Amino acid sequence: MTDSPANEPATMSDDERAVRALYSALLHAWNERDAEAFAAQFLSEGSMIGYDGSIVDGQAEIAQHIGDVFRHHQTPLYIARVKRVRFLTPDSAIVRGHVGMPMAPTLVINPALNAIQSLVAQRVDGAWHVALFQNTPAQFHGRPDLVAAMTEELQRALDEQGADGR
C-alpha cells in the first residue's frame, strides 16, 4: 500500500503522520475496492481528477464514480511511496506520491500504469480530509530511465510489503 514506518522521515510531526494516514486510508479503500470508504475520505465538496482526466465533485458523486469503476474493471492494487508532504498552512497540506499497480497473477509493477498522485488535505473540525485528489499518468515521454527508476522503486515497495501488497 504506502510507505512502511522504515521509509518515513525520522522526525515527523503528528500532523504529517495524520496527513500520511489520510493518503494511506484512501489507497487502502481503493485496494479493498470499497467506493464508500474511498469517498468518505473526502470533504463533502471534495474533488477528484482521475487517471483518464475525469473530474468528479462531491462525496456522493465520487462514491458513484469509483463504484462504477469497480463494477466495470478489475482494478489492480495501488502500491505507493510518499515522496513529499508540504504544509501550506497549519490546516492544509499537499501530499505527492508515486504509485504503481502490479498485475496479477505475477505481481509485477506494470510501468504503463505508474502515476504521480497529488492530494490536497484540509483539516476541518480537527479531522483531516481530502479536498482534491489527482492521479496523473507517469509516462515520462522520451525518458525511459525515469520510467525504469520509478518502476524499480515501486517493485521494491511491493516486495517489501508482501505478496498481496497490503
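Reply:

**A strand inside the sheet**

Arg96 has a relative accessibility of 35% and therefore counts as partly exposed. The model is a predicted one. Gly97 is buried, with a relative accessible area of 0%, against a cut-off for burial of under 20%.

The contacts of these two residues can be read side by side. With neighbours up to four places away in sequence left out, Arg96 is in contact with Arg81, Val82, Lys83, Arg84, Ile116 and Gln117. Between C-alpha atoms, Arg96 and Leu113 are 17 Å apart in space and 17 residues apart in sequence. For Gly97 and Gln64 the C-alpha distance is 24 Å, at a separation of 33 residues.

The setting is an open sheet of six strands with mixed pairing, in the order β2-β1-β8-β7-β4-β3. β2 (55-57) and β3 stand at the edges with a single partner strand each, so one side of each has no neighbour in the sheet. Direction ignored, neighbouring strands are turned by 15 degrees against each other on average. β4 pairs with β3 in the antiparallel sense, over nine bridges. Within this part of the sheet, Ala80 stands opposite Val99 in β4.

Helices pack on the sheet too. α3 touches β1 and β2, and its direction makes about 45 degrees with that of β1. α4 touches β3, β4 and β7, and its direction makes about 105 degrees with that of β3. Helix α4 covers residues 144-161; at 1.5 Å a residue its 18 residues should span 26 Å, and its end C-alpha atoms are 26 Å apart, which agrees. The buried residues of α4 are Val147, Met150, Thr151, Glu153, Leu154, Gln155, Ala157, Leu158 and Gln161. An α-helix has 3.6 residues a turn, so residues three or four places apart point the same way. What covers the buried residues of α4 includes β3 (79-89), β4 (92-100), β5 (102-103), β6 (108-109) and β7 (115-124).

The nonpolar packing comes next. The largest nonpolar core has 32 residues, and those with the most contacts inside it are Tyr23, Phe38, Leu119 and Phe133. The elements giving two or more residues to this core are α1 (14-31), α2 (35-40), β1, α3 (59-72), β3, β4, β7 and β8 (127-137). α1 gives the largest share, seven residues. Phe38, not counting residues up to four places away in sequence, touches Leu26, Ala29, Trp30, Met48, Ile62, Ile66 and Phe133. A second, separate core has eight residues, among them Ile116, Met150, Ala157 and Leu158.

Ser47 counts as buried because its relative accessibility is 18%. Its side chain is joined to that of Asp57 by a polar contact of 2.5 Å. Beyond four places in sequence, Ser47 is in contact with Phe42, Val56, Asp57, Ile62, Ala131, Leu132 and Phe133.

Definitions and conventions. Residues are numbered from 1 along each chain as its sequence is written. This is a predicted model: local features need pLDDT of at least 70, side-chain atom pairs count only at pLDDT 80 or more; totals for chains, interfaces and linings use all residues. Side-chain values use heavy atoms; hydrogens and water are left out. Helices (H or I, at least four residues) and strands (E, at least two) are DSSP runs, numbered from the N terminus. The expected span of a helix is 1.5 Å times one less than its number of residues. Buried means under 20% relative accessible area, exposed over 50%, partly exposed in between (1.4 Å probe, protein chains only). Contact means heavy atoms within 4.5 Å. A polar contact is a pair of N or O atoms within 3.5 Å; within protein, one must be able to donate a hydrogen and the other to accept it, and residues adjacent in sequence count only if both atoms are side-chain atoms. A nonpolar core is a set of buried Ala, Val, Leu, Ile, Met, Phe, Trp, Tyr and Cys residues joined through side-chain atoms within 4.5 Å. Two strands pair if DSSP finds at least two bridges between them. Axes are lines fitted to C-alpha atoms, for helices over the stretch in contact, and angles run from 0 to 180 degrees between N-to-C directions.
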